[in-house]
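User: I'd like to learn how to read a few features off a model like this one. Can we go through them one by one?

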Amino acid sequence: MGTLRFLFTDHLSKEISSLDGIDRDNDAVLMVEVDDETDYVPHHPKKIAFLFSAMRHFAEELRDEGVEVDYVTLDDPRNEGSFRAELERAVKRHLPERIIVTEPGEYRVEAAIDDWRAAIDIPIEVRADTRFFCSRDAFGEWAKGKKQLRMEMFYRWMRQRHSFLMEGDAPEGGRWNFDAENRKPPKKGLDPSGPMRFEPDDITEAVLTMVERRFGNRFGSTRPFWFAVNRTQARRALDHFLQHSLASFGDYQDAMMEDEDYLFHSVLSQYMNCGLLSPEEVCREIEAAFHEGEAPLNAVEGYVRQILGWREYVRGIYWLKMPGYARENRLEATRPLPAFYWTGETDMNCLAKVIDQTRREAHSHHIQRLMVTGNFALLIGVLPEEICEWYLAVYADAFEWVELPNTLGMAMHADGGYLGSKPYAASGNYINKMSDFCGNCRFNVKDKLGPDACPFNYLYWNFLIENRQRLDGNPRLNRPFATLDRMDGDRIAAIRKESNKFLASLEPWKKAA
Ligand code: SF4
C-alpha cells in the first residue's frame, strides 16, 4: 500500500495536515483507542466517552467518503494498549511505504515518535498542526529575546496579523481590551439557555456502555451525556451559542451561580480541542455577529481574546518551554492534593459545588477553574504536578498543551511569572462578589478569623506571608504587601495558627502507586 496516516484522538478534522494529499486508492487511515491514553492520568469517564465516540463518528464519516479506515477499539482482544504497539501491528497489516502524522498535542507523545522510528523501519513524517493560528516556529520568533512574555502584547500582534476586530491599524472600538466591562456579578433573573445538548445515538451508547464497564469506578459520571460527537452537531452547538448566549457572554463571563453550571459560556472548547470545530471558524463567526449587530463588542472581543489570544499563547509557551516547564515549582509548593478534589466532600460550598459540577459534566468554566479550585490549590501550596494531573484528568477539553500552562503557570504561578504577571490569589471576598456560593456555606465569608471564618480569608494572608521573599518585587502585589506590613504581630500569629490548624485537617489524596 501507499501511506498509513495515523490520526490521534484530537485530530478529528478533515483539514488535519496528516490527511493532506490522501490517495483513497492506496492509503489508509489508522485510528486506535488504547489503554495508555485512557490511563496515563485517570481521565474522567465522560471525557473518554466523548473522545472515543467522536473518533468513531469521524471514522464513519471518512469511510462514507471512500477512505479506508483501520479502527482499533479498546475492547478488541488483539489491542496491545499503546500507540507504538498498535502502530507496529498496523504496519504488519498494511505494509505501508511511509507513515504520516500531524504533530501531537502532548510532549510525551511527540517524544515517543523517535522510539517508534527506532522500532519501525519505515519513514515517519511529522507535519505541523495547521489548525492553530500561530505555528510553533512563529511563536518562537515572537518570544525571542523577551525575558518575560505578556499575553496582551501577543494578542495585539495576533489581532493585527490575522485582521480580527481591526479598523485599519486600530482596534475596533478604539481599545484592545474590554475586560473591565466583563466582570458583572451574577444577579437574580438571569435566564441563560445553556449550551446545546444532544441525545446519544447508537455509537455513543455503545461507547458509554464500554466506558461504564471499564472506568465506572473513576471520578466522574458518564450520564447525562449531551456533548456533540460529530462536526454537524458541533456546528449546531456553535450556532446555538451565537444565537442565545454570545450577547451576554462578556458581561457575565466571570460570574458563578450554584444552580447554573454554564451561565452564558459557550462550552465549545472540547470541540475545538479535538478538531470538530476550527478556532478560525469560531472566531470569524463571533466577529461576524458583532458586525451584524447581534452581539456587543465587549462580548465579542472577550471571546476572541480567549481563542486568538490566550489559547494560542498558552500553546506557544507549552512547546517553547517543554519538557522543563512541567517540572517548574518556583513557589516550592509541597502539599499533596487534598483528597476532596476527588470526592467533592468538603464543607466549603464553593469548592464542593465546582467539584460536583466537574464530576457531573467533565466541564466547568474558566473562573470556576481559576478562582475556586485553582485559587485554593495556590493558597495551600499544592504540589504543581498533583494539581496539574487533576486538571488534565477531569476536564473533557484538557490536553496537556492547554492544561499545563493554564494550571502550572496561571493558576499556580509555579513558573515564576513567565506566563502571567501575578499570582491569582484571592480571599473569600472575590468568590462572594462573583458568585452566590457563600450564602449556602457553613463558613462565614465576612469572618476573617475564628472557627466559622471562611478559610480562603486567612489562607490568602498566610500565602502572602509564606511567599513574601519569593514574590517580593512584583509590582502587582505592592498593595497587599503594604497591608501585610501594617498588620501587627498578634494578627499575623493568629493567621498562621488558624491556617496551620486548617491545613493539618486536610486529608491528602493518596496517589495509587
Ligand atoms: Fe467558599 Fe468561603 Fe464563600 Fe464558603 S464562605 S463558599 S468557603 S468563599
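User: Let's start with a cysteine: is Cys274 buried or exposed?

Analyst: Bear in mind that this is a predicted model. The cut-off for buried is under 20% relative accessible area. Cys274 counts as buried because its relative accessibility is 0%. Cys454 is buried too, at 9%.

User: How many disulfides does the structure hold?

Analyst: To call one, you look for two cysteine sulfur atoms within 2.5 Å. The structure has zero disulfides. For Cys274, the nearest cysteine sulfur belongs to Cys283, 17 Å away.

User: Which residues surround the ligand?

Analyst: Cys454 is one of them, and the shell also includes Met348, Asn349, Cys350, Gly428, Ile431 and Phe437. Helices α13 (349-361) and α17 (428-434) each supply at least two residues of that shell.

User: Now strands. Which residues of β1 lie on each side?

Analyst: The general idea is that side chains in a regular strand alternate between the two faces of the sheet. In β1 (residues 3-6), Thr3 and Arg5 are on one side, with Leu4 and Phe6 on the other. Those four are all buried, so both faces of β1 are covered.

User: And which strands does β1 pair with?

Analyst: It runs parallel to β4 (residues 98-102), over four bridges, and parallel to β2 (residues 28-32), over three bridges. Take Leu4 as a reference point: its bridge partner in β4 is Ile99, while in β2 it is Ala28.

Methods. Residues numbered from 1 in each chain as written. Predicted model: local features only at pLDDT ≥ 70, side-chain atom pairs only at ≥ 80, totals over all residues. Heavy atoms only, no water. Near = heavy atom within 4 Å. Buried < 20%, exposed > 50% of the residue type's maximum accessible area, 1.4 Å probe, protein only. Pairing = 2+ DSSP bridges.
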